[in-house]
Amino acid sequence: MSIDPNRFLADLHKLREFGASGIGKGVVRPAYSPADIAARKWLAGRMGEAGLEPHFDPVGNLFGLAPGTSLLMGSHSDSQPEGGWLDGALGVIAALEIARSSDQPISVVSFQDEEGRFGVTTGSAVWSGGLPLEQADQLTDGSGITFGAARSAMAELSKGFVEPSRFRGFIEMHIEQGPALDAAGQQIGVVSDIVGIRDMSITFEGQQNHAGTTPMHLRRDAFQALSLFNARLNDRFRNVVTPQTVWTIGRVDLHPNASSIVPGRVRFSMQWRDGDGDRLIRMEEIIRATAQQVADELSMTLSYGPMLGLEPVAMDPILRAALELGAEQVSPENWRGMPSGALHDATNVARLMPVAMLFVPSIDGISHDFAEDTTEDDLIAGLCVLEHAVRALAGRSE
């Protein structure tokens, strides 16, 4: 086995050209966009050159299949609307480099819509059986486009779903997307577990009216409902959450969104994450109770979108141990075991097979932003850890 760091970095930078933002190293490559589809076609070509069989499934997940039973490695190549060049892409290109340099059978995958244009890790959720395709097809993005309509852009490439039984496990390499490794000056993180997540939309509907003539005490102002809900929620979570718990209102659609109109409706995203499944349930109870109380007090109509989510997942001990061995060989005493506060495709794949994850630092902890970056030395160190881990797993199976 002989990895080529220069080839690895060259491919990583080439992938960055698809949807390049023109600002730093940022990319704009949302799922099913022309840039995303072009990137996947290029990746399919590189997989073929590596001796793998390129295979697009019905939702656009791209596999590079090794013959027979193999270890699956990869991540995703779609981006946030204003995304970094490494998020997901790193894991795909690292897997490709391992596959073409290893004497062990390695398959590669780039899952589709990990970034949630339509849902939560949609492509791997469908492939793993966690989300029925008919249900996924009804999901919509912020512009009202359905998942079913979007994936039709890749219909001519589509084959059937890949049988999961041909893989004996899954390893995903990723940037940390947080500050822990960078702040500590550490080079490698071996993931212990991935937090669970819940995501849904909430709508308050009041009464649209004139901003100059409607007295304050008679208003049914949807934005005031959102403001009150947010303040109360933060207060009521205080005795329930831990320092690792996070929650976010990340998207707000205010109608009619005009300066001289009292807004009559607000629809917003509500997402929360924690490593404890029971805590996620308790947080949902608080969210719903708080929303209902606000709706009653301000004479609002309250409604919810579908609940999406994934349970917390622990990493497989055998795969994790191989990564830990590799981390100690590549970066002795300069790595750590750590949880993942970000969601990843590995959570879905864990329904089907053993999974493990490897992190490299994010400079200043920045991700989901054009400024996202990691030093080349750290990128190569992560690749080397994967190389050692694959060797260790091969020795274990002999």
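Guide: Buried means under 20% relative accessible area, exposed over 50%, and partly exposed in between, using a 1.4 Å probe and protein chains only. This is a predicted model, in which local features need pLDDT of at least 70 and side-chain atom pairs count only at pLDDT 80 or more, while totals for chains, interfaces and linings use all residues. Residues are numbered from 1 along each chain as its sequence is written, and side-chain values use heavy atoms, leaving out hydrogens and water.

Visitor: Is F237 buried or exposed?
Guide: The relative accessibility of F237 is 0%. Because of that value, F237 counts as buried.

Visitor: How many aromatic pairs are there, and what is the geometry of F237 and W247?
Guide: Rings of Phe, Tyr and Trp (its six-membered ring) pair if their centres lie within 6.5 Å, and planes under 30 degrees apart count as stacked, over 60 as edge-to-face and the rest as tilted. By this rule the count is 14 aromatic pairs. One of them joins F237 and W247, with 4.9 Å centre to centre and 75° between the planes, and is edge-to-face.

Visitor: Which residue has its charged end over the ring of Y304?
Guide: A charge sits over a ring if NZ of Lys or CZ of Arg is within 6 Å of the ring centre and within 35 degrees of the ring normal. Over Y304, at 4.4 Å from the ring centre, lies the charged end of R288.
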